Amino acid sequence: MADLAKQHPESTPATIFLRDYTPPAYLVESVELEFLLDETDTEVRSHLVCKRNPASDAPATLQLDGSHQQLLSIVLDGQPLGETEYRLDEEKLIIPEVPEAFDLDIVSRINPAANTALEGLYHSGSMLCTQCEAEGFRRISYFPDRPDVMARYRVTLRADKQRFPVLLSNGNLVARGEDGDQHWAVWEDPSLKPSYLFALVAGQLECIRDSFTTVSGREVALHLYVEAENVDKCEHAMASLKQAMRWDEQTYGREYDLDIYMIVAVNDFNMGAMENKGLNIFNASCVLASPQTASDADFYNIQSIIGHEYFHNWSGNRVTCRDWFQLSLKEGFTVFRDQEFSADLNSRAVKRIDDVNVLRAHQFAQDAGPMAHPVRPDRYMEISNFYTVTVYNKGAEVVRMIREIVGVEGFRKGTDLYFEHHDGQAVTTDDFVHAMEEANGVDLGQFRRWYDQAGTPELTITDDYDAQRQQYRLTIKQYCPPTPNQADKQPFHIPFAVGLLDEQGRDIPLCLEGESLEAGTTQVLQVTEAIQTFTFTGVSHRPVPSLGRGFSAPVKVHYNFDDVTLAFLLANDSDAFTRWDAGQTLALNTLRGLIDDIQTGRPLALGDDFVAAFAQALNDERLDPALIARILSLPGESYIADQMDVVDVDAIHQARQFVRRELASRLRDDLLQVYEAMQDQAAYRFNAADMARRSLKNTVLAYLMLLEDESLCQLGVAQFRQGHNMTDVIAALSCLNELAIPQRQQALDEFYRQWQHDPQVVEKWLALQAASSLPGTLEQVKALMSHPAFSLGNPNKVRSLIGRFAAGNPVHFHAADGSGYAFLADQVLALDSMNPQIAARLVQNFSRWRRHDENRQHRMREQLQRIVDKGELSRDVYEIAAKSLGEE
């Protein structure tokens, strides 16, 4: 293979290593910023009070980060600096031989309208707004833009009253006034914060106001800012914010500290939301909701994301990360917190299943690919590429395992100690784990490997039963496959929850050999060795094991379950996760057999036992309808592909569709009965029971419409036209979207006509068409790129159309002629100079090209090489493309 570093020595980005971390030479005690705001010509004046860092022995040289701005002046302790007294390049401003303590004044000019990367200060619609995490502040002003430099900020915003009537920044509003056509506002944040948490917003916005009384009796003003046409879509977000504030007080004892909490909804945003201290900036899709425009999934996600960003006030803002390698310190912990928040407010079982689905479909795949990295990465070229499912979702699982080990009360003691010891500090994952150890008197030394070792551990489990001694033994062998830069792995500390069922499907009380007390019906085994045996005593008959209850650890489990046993677990297991998982494994076994039949030309047939197992789940009135809906949902095509040595996208799609149609045909009457039973004409309510009913209703509708029976198609058409909420409407449209019938295009056209002026609803319309498995989808996607509803400059539109096609439509993206690959590469190259972060996320769809057949391997590698060979490629895209090729 070609050596890319030799081919492109001048453009190969440097790799940054955790081992090279050094404290900053200088700290910033306070920051005063003044902005003369304008869409194309904003002047930024900064006053920094700096002092020598006693923890650093570096030379007396001040190094500031800065790019995409025009430097106008520098004044050090009142003395202007000439061009010979500092060094300036495209990324750094370096001032040698500075005093131990000094004041520094810098004036620079930026153009927000030209900032298509949406990092720093940029223009979106009628407003100016910021996104500074991870390294966006350096696009605003010259500054040591790193999270371990924490300061107090005072910010003055000046702007035209007509164009920018609302002026917002972090902290509390301390002064405001007018000066002719201009007005100004001064915001002061009493908290220490790093530059990545700085925020400002200026524009024409409406404010929805509410308040929250904290546990100590303080009243906090709650302000939600949106564009005028969206004021009727804020009720749910405001309610979710108050739920999150109360939950954090009750669950973690964390009270909000400022006088005001603000949220601003922005249409152009690279991420979901940003937790800037006191001034959260949100992607509009993560704030705005009404029953007519937002689905249950939207309402659920908004509640979760509102909670996530609020919880960051403590786990991320008041205690932040020392460097970006520690990103999971704030993100993994906060994802765990928002998962528990959602579980407490909704269905805990369904939430756990949904979280595991994300982990298995995306994080396990990342662990098995060229972008595999530990929860705490040890190197990167571009930190934006490490806002990943590994750092976030696997990081949350690592925190969950700590709670599993120390218990709920012990975990609370640990978090109390962590916040108490580190409030106002920038710390590491080791500090978090140490707080847990100190609070609970435990040794988590081996457990720390979860932060340092990449890959998904695999547990191979065997068992035997001694009837005479009434003993049941489980032998667990753990192994973690090699990952980039980590060939050999040491054993993990894995808390692995198990149960045992008797022949009637009842839980057996458990007692481990050597322990005097029963552990109830679920036992958490502490797996710490490469091979380890656990013996249960007092087991009167050979049991059926229930393995990995609650998904207590992010591992793959290999145990020789036959289909009869899986059906037994699906029907009887008291643990909702392992019950669902048994159904998924049963379906996966069936699908593997059908794929093999397709590849060898044998006729397809679906066994009666499989149909009976799913029929029993469908009609089990003891189960939550939402759990039934999850059980009926077959493993996704991407997850099935991950189980194959060589991916066959066409056979996977054919086998999965065959199973769905067979189930629909053979369970038609049962499905129809459930569909009717789940109907509800009451006004839309966002609660667990109503969501469960809609979820099951729409799951069975999707099955029924696969039969393409005229009467069943009319069910979908009627629901589309008569549905009184977006959940039911978009579900029916999704079903029609997969059928080659005239009603499909009629419904799509009708939907667009009704909602063309609502950006978030139009994104659903784009995504549906991009995901269709019908012929001609790529041509339709290309046509939609010229549609007035689409903009390459809007990340949400790009994700909805291009991203959904590449990540959510394997049968067309992986077309054998390579047309899907060429299309994606075209868009990556077009986006790279506009918005490198979004381009980099798209190129990840090529990263596992080696898992496909030779033809597709060749075509994907060809497009990756084409991307890498482009001159002046961003660090974001280069890192992922080069690692995918294995040549970085």
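# Exercises on a predicted model

A polar contact of 2.7 Å joins the side chains of His493 and Gln526. Here a polar contact is a pair of N or O atoms within 3.5 Å; within protein, one must be able to donate a hydrogen and the other to accept it, and residues adjacent in sequence count only if both atoms are side-chain atoms. The model is predicted: local features need pLDDT of at least 70, side-chain atom pairs count only at pLDDT 80 or more, and totals for chains, interfaces and linings use all residues. Residues are numbered from 1 along each chain as its sequence is written, and side-chain values use heavy atoms, with hydrogens and water left out.

## Exercise 1

**Solution.** 
- Step 1. Find the segment. Helices (H or I, at least four residues) and strands (E, at least two) are DSSP runs, numbered from the N terminus.
- Step 2. The relative accessible area of His493 is 9%, so it is buried. Buried means under 20% relative accessible area, exposed over 50%, partly exposed in between (1.4 Å probe, protein chains only).
- Step 3. List the neighbours. Leaving out residues up to four places away in sequence, His493 touches Ile405, Gln446, Phe447, Trp450, Gln526, Val527 and Thr528. Contact means heavy atoms within 4.5 Å.

## Exercise 2

Is Glu97 buried or exposed, and which residues does it touch?

**Solution.** 
- Step 1. Glu97 lies in the loop between strand 8 (92–95) and strand 9 (101–110).
- Step 2. Its relative accessible area is 74%, so Glu97 is exposed.
- Step 3. Not counting residues up to four places away in sequence, Glu97 touches Ala60 and Thr61.
- Step 4. Thr61 is 36 residues from Glu97 along the chain, yet their C-alpha atoms are separated by 5.4 Å.

## Exercise 3

**Solution.** 
- Step 1. Two strands pair if DSSP finds at least two bridges between them.
- Step 2. Look at strand 6. Two bridges join it to strand 5 (residues 70–76), and the two run antiparallel.
- Step 3. Pick out a facing pair. Val75 stands opposite Pro80 in strand 6.

## Exercise 4

Describe the hairpin of strand 17 and strand 18.

**Solution.** 
- Step 1. Strand 17 (residues 206–213) and strand 18 (residues 219–226) pair in the antiparallel sense over eight bridges.
- Step 2. Glu206 faces Val226 in strand 18.
- Step 3. Five residues lie between the strands, and Gly217 takes a positive phi near 95 degrees.

## Exercise 5

How many salt bridges does a search of the whole structure find? Examine some of them.

**Solution.** 
- Step 1. The search finds 73. A salt bridge is a side-chain nitrogen of Lys or Arg within 4 Å of a carboxyl oxygen of Asp or Glu.
- Step 2. Take Asp296 and Arg694, whose side chains meet at 2.8 Å, N to O. Asp296 lies in helix 3 (residues 296–311) and Arg694 in helix 16 (residues 688–705), so the pair ties together parts that are 398 residues apart in sequence.
- Step 3. Check burial. Asp296 is buried, with a relative accessible area of 8%. Arg694 is buried, also with 8%.
- Step 4. Turn to Lys351 and Asp355, which meet at 3.0 Å, N to O. They are separated by about one helical turn because they are four residues apart in helix 5 (residues 348–367). Lys351 and Asp355 are buried.
- Step 5. Salt bridges link Asp65, Lys92, Glu135, Arg138 and Asp145.

## Exercise 6

Which residues of helix 9 (residues 563–572) are buried, and what do they pack against?

**Solution.** 
- Step 1. Leu566, Leu569, Leu570 and Ala571 are buried.
- Step 2. The buried residues of helix 9 pack against strand 27, strand 30 (544–547), helix 10 (576–600), helix 11 (608–618) and helix 12 (625–632).

## Exercise 7

Summarise the whole protein.

**Solution.** 
- Step 1. The protein has 27 helices and 31 strands.
- Step 2. Of its 888 residues, 60% count as buried.
- Step 3. Along its principal axes, the C-alpha trace spans about 85 × 70 × 65 Å.
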